[in-house]
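Subject: Structure handover

Hello,

Here is the structure you will be taking over. Notes on what was found in it follow below.

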Amino acid sequence: MLQLKSSDFDAAVASGKVLVDFWASWCGPCKMIAPVLEKLSGEYADVKFCKVNVDDEPALAIRFGIESIPTLLLFEDGKITKKLLGYRPEEAIKEFIG
């Protein structure tokens, strides 16, 4: 999974379907969801999976109104189409991706 910074964020989500995981290293639910997302990233060739560490990139967290983590945002061609808060099992994330 690609770790995004403010400098490369817009280019990364500009085209196609992109799932972005807003997380932090101290967050228990973030640690639980990470292997699920890693597994799914290998199953969806048409979806780019990315991560944003909210401690390293607070400006991105503010920009997207991230108030709790993990938060998953699904972008399609640069626009947010879906938002999912908190830990979810694999099946729920698959449903979220569509």
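Helices are DSSP runs of H or I with at least four residues, strands are runs of E with at least two, and both are numbered from the N terminus.

This is a predicted model, in which local features need pLDDT of at least 70 and side-chain atom pairs count only at pLDDT 80 or more, while totals for chains, interfaces and linings use all residues. Residues are numbered from 1 along each chain as its sequence is written, and side-chain values use heavy atoms, with hydrogens and water left out.

The buried residues of H1 are Phe-9, Ala-12 and Val-13. They lie on the same side of H1 because they cover an arc of only 80° around the axis (taken from the directions from the helix axis to the C-beta atoms). Their cover includes S2, S3, H3 and S4.

Leaving aside neighbours within four places in sequence, Phe-9 is in contact (heavy atoms within 4.5 Å) with residues including Val-20, Phe-22 and Phe-64.

There is 1 disulfide in the whole structure, a disulfide being a pair of cysteine sulfur atoms within 2.5 Å. Cys-27 and Cys-30 form it, with their sulfur atoms 2.4 Å apart. Both Cys-27 and Cys-30 are buried. Cys-50 is in no disulfide, and the nearest cysteine sulfur, that of Cys-30, is 16 Å away.

Regards

Technical notes
Buried means under 20% relative accessible area, exposed over 50%, partly exposed in between (1.4 Å probe, protein chains only).
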